[in-house]
Amino acid sequence: MPKRINDTKLRKQQILKSARKVFLEKGFQGATIDDIAKEEGVVRGTILYHYKSKEHLMEAVLEEEDEAWAPFLASLVTRHEIPVMERIDRMFALCEMYFVNEKAEIDQYKENPAETRFLLDQMRLKNFYRQAEGLTALLEEGTKAGEFSLENPRIQAASAMFAVFGITGTDISPEELKAELQIIKEQLLSSCGNDK
């Protein structure tokens, strides 16, 4: 029998963890509230008490994924004492770390690869926009400081992060991912007039 959790915030976190696992295993269409309740070790009503529907639960899972990145990216953008180039390097290192860890976690969900990929793409989409915004801020800062020569940092940032988003959705090894991220970063920097 599962241990009763009286802390609402903790219970909701546990439900989201179970929901994410079930969604990855069965896909959004194949998963049911009953599946999530079974995974969590609670009754269906407990899930529905915290989340009105499977759709609300999925939205919460996606929001939680997005919030995991927010503090790291905000910190990178606002740490003005660190040179812009170093913060860009750190942003790409964070991308690598996040996706390598994610790949290790999802390798167990190979039963329905198309559904799993679609779900992961949905989870990563908000992160893509947040990363593009963060990179835009860094490129604008570098341009203002004379480190880069860019007419439109937003376009360069979106292009680079779109490439990152694309390769992280493919089935590649961590070594291949690292090499591809390096190429994307080098292309970004060369377009900025900085070939370091």
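Guide: The count comes to 9 salt bridges, a salt bridge being a side-chain nitrogen of Lys or Arg within 4 Å of a carboxyl oxygen of Asp or Glu. This is a predicted model, in which local features need pLDDT of at least 70 and side-chain atom pairs count only at pLDDT 80 or more, while totals for chains, interfaces and linings use all residues. Residues are numbered from 1 along each chain as its sequence is written, and side-chain values use heavy atoms, with hydrogens and water left out.

The protein has 8 helices and 0 strands. Both kinds of element are DSSP runs, numbered from the N terminus: helices are H or I with at least four residues, strands are E with at least two. The order from the N terminus is α-α-α-α-α-α-α-α.

Now the bridges, starting with Arg11 and Glu40. Their side chains meet at 2.7 Å, N to O. Arg11 sits in helix α1 (residues 8-30) and Glu40 in helix α2 (residues 33-40), so that distant parts of the chain, 29 residues apart, are linked. Both partners are buried, which means under 20% relative accessible area; exposed means over 50%, and partly exposed lies in between (1.4 Å probe, protein chains only). Arg11 counts as buried because its relative accessibility is 8%. For Glu40 the value is 11%, so Glu40 is buried as well.

Arg11 has a further neighbour to look at, His50. His50 is found in helix α3 (residues 44-50). His50 touches Thr8, Arg11, Lys12 and Ile15, leaving aside residues up to four places away in sequence. A contact here means heavy atoms within 4.5 Å. His50 has 17% relative accessibility and therefore counts as buried.

Next, Glu39 and Lys21. They form a salt bridge whose closest N and O atoms are 3.2 Å apart. Glu39 lies in helix α2 and Lys21 in helix α1, so this pair ties together parts that are 18 residues apart in sequence. Glu39 is partly exposed, because its relative accessible area is 35%. Lys21, at 29%, is partly exposed too. The pair belongs to a network of salt bridges that links Lys21, Glu25 and Glu39.

Asp89 bridges to Lys185, the closest N and O atoms being 2.7 Å apart. Asp89 is in helix α5 (residues 84-106) and Lys185 in helix α8, and 96 residues separate these distant parts of the chain. Here the partners fall into separate classes. Asp89 has a relative accessible area of 34% and is therefore partly exposed. Lys185 has 11% and is therefore buried.

Helix α8 leads on to its packing with α7. The axes of α7 (residues 153-168) and α8 (residues 174-191) come within 10 Å and cross at roughly 170°. Axes are lines fitted to C-alpha atoms, for helices over the stretch in contact, and angles run from 0 to 180 degrees between N-to-C directions. That angle makes α7 roughly antiparallel to α8. The cut-offs are under 35 degrees for roughly parallel, over 145 for roughly antiparallel and 65 to 115 for roughly perpendicular, with the rest oblique. From α7 the contact uses Gln156, Ala160, Ala163, Val164, Ile167 and Thr168; from α8 it uses Leu177, Glu180, Leu181, Ile184, Leu188 and Ser191. These residues divide into 8 nonpolar, 3 polar and 1 charged. Nonpolar covers Ala, Val, Leu, Ile, Met, Phe, Trp, Tyr, Cys and Pro; charged covers Asp, Glu, Lys and Arg; polar covers the others, Gly among them.

Phe99 touches Arg124, Val164, Thr168 and Leu177, not counting residues up to four places away in sequence. Phe99 and Leu177 are 78 residues apart in sequence and 8.7 Å apart in space, C-alpha to C-alpha. Phe99 is buried, because its relative accessibility is 6%.

Last, the whole chain. Of its 196 residues, 42% count as buried. Among contacts between residues at least 6 apart in sequence, 68% join residues at least 24 apart.
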